[in-house]
Amino acid sequence: GSSTVLLIGSGFVTAFLMMFSGFVVSVSSQVQLSTAALSLALIPTGPIALAEAFSIAANRTRRVAVITTIENVLRTLVPIAILLADGDLIAVCLSFAAVRFTALGAYFATDIATVRTLEFCRNELKRLIFIAGTFGATIIVASFNWQAALILLGYLSTNTETAALGTASRFLIPVTILMASYASVMQPALARLAGSPNEIGRYLAAKARLPLGAAIAASIASPFLARPVLELLFGPGYGDAAAVLNILALSTIPFCVVMIAS
């Protein structure tokens with residue numbers, strides 16, 4: 001209960017900061033309103049992370065998989081439907097926020113019994129706030145690191161090269177989602193093997209084979225498929241992003257290992 005209060009509160013704070021940043025970085029009203037709309041998605045994100053962690057600890061990983069999959073499908077199909085209906089960027093951003101709130105509602109609705117037992121403790125909240133800074137700073141630094149290439153290209157290169165990296169990096173999003181889900185599903189089994197390092201090693205080696213094999217296959221196929229796939233999805237002007245996508249495809253090999261090891 002105390003964690004839920006902290007995460008909802010921090011969601012409102014970060015949403016306000018994101019909304020404020022939209023007015024700082026752009027004078028366009030559409031950008032400002034779109035940023036404000038998208039910032040609303042931050043409010044349910046913290047409680048969703050908590051619900052996922054609880055579900056994993058309670059060995060209810062199937063619920064996480066189902067809700068996450070439905071959310072990702074909606075987050076893809078709803079914006080496409082809005083764009084096909086001549087909707088604007090603001091409507092698309094609002095749809096992202098709406099889907100996030102829907103996912104949070106699904107977690108609450110599928111575990112009403114646990115929700116009813118939530119309790120708030122002021123001392124526990126103070127303790128969480130005290131240690132939250134370390135985790136918050138780590139996530140902020142990691143986020144900057146994830147976006148560093150696009151930020152540097154924005155200052156040091158052309159719009160075309162920035163667009164090439166942005167387009168190619170879209171393919172890493174499903175890889176990241178899949179690997180995060182895969183690693184989460186492994187956690188209950190790892191917890192049971194915590195007292196046996198050798199067993200953990202064998203388990204990790206066995207579970208790493210599938211994503212590692214898929215990453216190697218993608219890296220081999222990328223030089224042959226990257227250009228036609230990019231041109232099919234984004235148009236002939238984005239074919240030159242194939243060189244970037246080939247490098248990013250190679251990066252999925254160590255990425256899969258790191259996600260499992262971490």
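# Pockets, cores and helices in a predicted model

The second largest pocket holds about 460 Å³ of space. A pocket here is an open set of points on a 1 Å grid over the protein atoms alone, with protein on both sides within 12 Å along at least five of seven lines. Grid points are joined across faces, edges and corners, and a volume is the space filled by probe spheres set on the points. This is a predicted model, where local features need pLDDT of at least 70, side-chain atom pairs count only at pLDDT 80 or more, and totals for chains, interfaces and linings use all residues. Residues are numbered from 1 along each chain as its sequence is written, and side-chain values use heavy atoms, with hydrogens and water left out.

**The pocket's lining**

- The second largest pocket is lined by 22 residues, where a lining residue has an atom within 4 Å of a point.
- Phe171, Val175, Ala214, Ala218 and Thr252 lie nearest the centre of this pocket.
- Helix H9 (172–192), H10 and H11 are the elements that give two or more residues to this lining, and H10 gives the most, with ten.
- By class, the lining has 20 nonpolar, two polar and no charged residues. Ala, Val, Leu, Ile, Met, Phe, Trp, Tyr, Cys and Pro count as nonpolar, Asp, Glu, Lys and Arg as charged, and the others, Gly among them, as polar.

**The whole chain**

- The protein chain has eleven helices and zero strands. Helices (H or I, at least four residues) and strands (E, at least two) are DSSP runs, numbered from the N terminus.
- Along its principal axes, the C-alpha trace spans about 55 × 50 × 35 Å.
- Of the 262 residues, 28% are buried. Buried means under 20% relative accessible area, exposed over 50%, and partly exposed in between (1.4 Å probe, protein chains only).
- Take the contacts (heavy atoms within 4.5 Å) between residues at least 6 apart in sequence: 70% of them join residues at least 24 apart.

**Nonpolar cores**

- The largest nonpolar core has ten residues, including Ala164, Leu165, Ala226 and Leu248. Such a core is a set of buried Ala, Val, Leu, Ile, Met, Phe, Trp, Tyr and Cys residues joined through side-chain atoms within 4.5 Å.
- Helix H8 (159–169), helix H10 (197–234) and helix H11 (242–261) each supply at least two residues of this core.
- A second, separate core has eight residues, with Ile48, Ala51, Ile56 and Leu104 among them.
- In H8, the buried residues include Thr162, Gly166 and Ser169, and their cover includes helix H7 (122–156), H9, H10 and H11.
- Leaving out residues up to four places away in sequence, Leu165 touches Ala149, Leu150, Leu153, Val244 and Leu248.

- Ser55 sits in helix H3 (residues 42–57) and is buried, with a relative accessible area of 0%. A polar contact of 2.8 Å joins its side chain to that of Arg63. In a polar contact, two N or O atoms lie within 3.5 Å; within protein, one must be able to donate a hydrogen and the other to accept it, and residues adjacent in sequence count only if both atoms are side-chain atoms.
- Asp86 is in the loop between helix H4 (61–84) and helix H5 (89–109). Asp86 is exposed, at 72% relative accessible area, and its phi is near 65 degrees, a positive value in a residue other than glycine.
- Ser3, in helix H1 (residues 2–25), is partly exposed at 25% relative accessible area. The C-alpha atoms of Ser3 and Ile129 are separated by 9.4 Å, though the two are 126 residues apart along the chain.

How values were computed:
On a 1 Å grid over the protein atoms alone, a cavity is a set of points where a 1.4 Å probe fits but cannot get out, and a pocket is an open set with protein on both sides within 12 Å along at least five of seven lines; lining residues have an atom within 4 Å of a point.
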